[in-house]
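Please keep the viewer open as you go.

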Amino acid sequence: MDNAKDIVITGLGIVSSIGSGLDTYWDALLAGQSGAGISSHYTLDDVRQIARLPYPMVAEVKELETKRIKPRKNIKVMARDIQLGFVAADYAREHCQLEAKPVDPDRQGIVYGAMMIIVDVSELGELYMGAVDENGVYHPSQFGNAMGSMYPLWMLKYLPNMTACHIGIAFDLRGPSNTVVCGETGGVSAILEACRVLRRGYTDLMFAGGCACCTTPSAWTRYDFCQLSSQFDHPQTAFRPFDAKRDGVVFGEGAGCSVIETRESAQRRGVPIYAKILGCAETAEHVWNAATDFTPQPEEVKIDRKKFTGDSLRNAVRLAVERSGLKPEDFAFVMASGNATIQGDAAEARAIREVLGDVPVTAISGATGYAMSGTSAIAIATTALALDKGVIPAVVNCDEVAADCPINVVTGSPREIPADKKAALVLSYNFYGQAAALVLAKD
């Protein structure tokens, strides 16, 4: 990456199901805690009727410091995703000492990774009932008859770009404001785009993060292409990245944010540097069926997971490493996506092994749950923390590494980082075929 060594991380913010704020989160992660459990908001009847799922198993954020959201009146036009993202950004702003050691607002910007925010079922109830006749029959053509009953500004709660907008307004960020909507890779792609803004000289400091809430029945229905875990009897151990008994995802919610700035800006402000950014890559592969043009299709257009080969993962790792100027032996660990699907973990493991050999591999997903772009943003912050503290957290719930995952998974307890290993790679991907990789190093 051109001039990548001049871009550094100076602030971190985390909101997760195992704790929010750096110290609380880090202690829980090292202790091997899992945030998964039974939904506190939705019952078994809810998921059977709405999402057609067998059990409401999720990883929820237990306590969210909404007092950090300002102005307070804006909460009523913030979906849960936006609230999570805002609080994470406020943690990062506090961590980088921006209030005490400011930067010209004209030289600050933001890029956030987001999902297509899913409207909560509770808000659609009256709209749905407006299309139900006196016999209880639902008529899709009548959907929308009850729009007058909706909160007039309800759509503002669910626009993906609103997280960056709310943060930018509240923090007076007058530089570029952008949103990246690319599924799970959003957190990594956001920081990559923020780096580009800095390299172009448009700003001195950028907020880069990701957020998502995947803990509602409507979200489960939307993401039904994911392979979900069926280990309902033991929710806390159901999400098992790279484990021999893995059987799929446990959805969660969360957000992460990193403050990145030029080295000159960080030195001018006199703030600590937690990591430097050395290389990055974004790649893709074809995983769709016959949806390549606008002609009538002979089959339903959908994601075909069988077409996911992992080539995008392998290419992302290879390119990021090459652009960093490092060698495989320089890496302390890889922070993997680890979505615990049979096909996904095997493909990710092969990609890591082929490019980086026997490098230690970890993942936060078994602890935090799967919060799409939120998880990849938290993974970046966790990687910076790990490099700064010299410790690699273990993969929660990976008891026996699967035979089809030929990698050196960090299991059981955390590992110390050897003194001569100063770099780590963050890897994220989605079943749309996109992958993103980021190389961080201790400064």
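## A loop residue, a strand and a helix pair

Thr185 lies in the loop that links β6 (177-180) with α6 (186-199). This is a predicted model. Is Thr185 buried or exposed? With a relative accessible area of 1%, Thr185 is buried, because buried here means under 20%. Leaving aside residues up to four places away in sequence, Thr185 touches Ser376, Ser428, Tyr429, Asn430, Gln434, Ala435 and Ala436.

Next, have a look at strand β5 (residues 108-113), where 6 of 6 residues are buried. Gln108, Ile110 and Tyr112 point one way from β5, while Gly109, Val111 and Gly113 point the other way. Strand β5 is joined to two strands, as set out here.

Now for the helices. Two packed helices are described by the angle between their axes and the distance between the axes. The axes of α1 (residues 22-30) and α12 (residues 373-389) come within 12 Å and cross at roughly 80°. The two helices, α1 and α12, are therefore roughly perpendicular to each other. On the α1 side, the contact involves Leu22, Tyr25, Trp26 and Leu29; these meet Ile378, Thr382, Leu385, Ala386 and Lys389 in α12. By type, the residues of this contact between α1 and α12 comprise 7 nonpolar, 1 polar and 1 charged.

Conventions. Residues numbered from 1 in each chain as written. Predicted model: local features only at pLDDT ≥ 70, side-chain atom pairs only at ≥ 80, totals over all residues. Heavy atoms only, no water. Helix = DSSP H or I, 4+ residues; strand = E, 2+ residues; numbered from the N terminus. Buried < 20%, exposed > 50% of the residue type's maximum accessible area, 1.4 Å probe, protein only. Contact = heavy atoms within 4.5 Å. Axes fitted to C-alpha atoms, helices over the stretch in contact; angles between N-to-C directions. Parallel < 35°, antiparallel > 145°, perpendicular 65-115°, else oblique. Nonpolar A, V, L, I, M, F, W, Y, C, P; charged D, E, K, R; others polar. Pairing = 2+ DSSP bridges.
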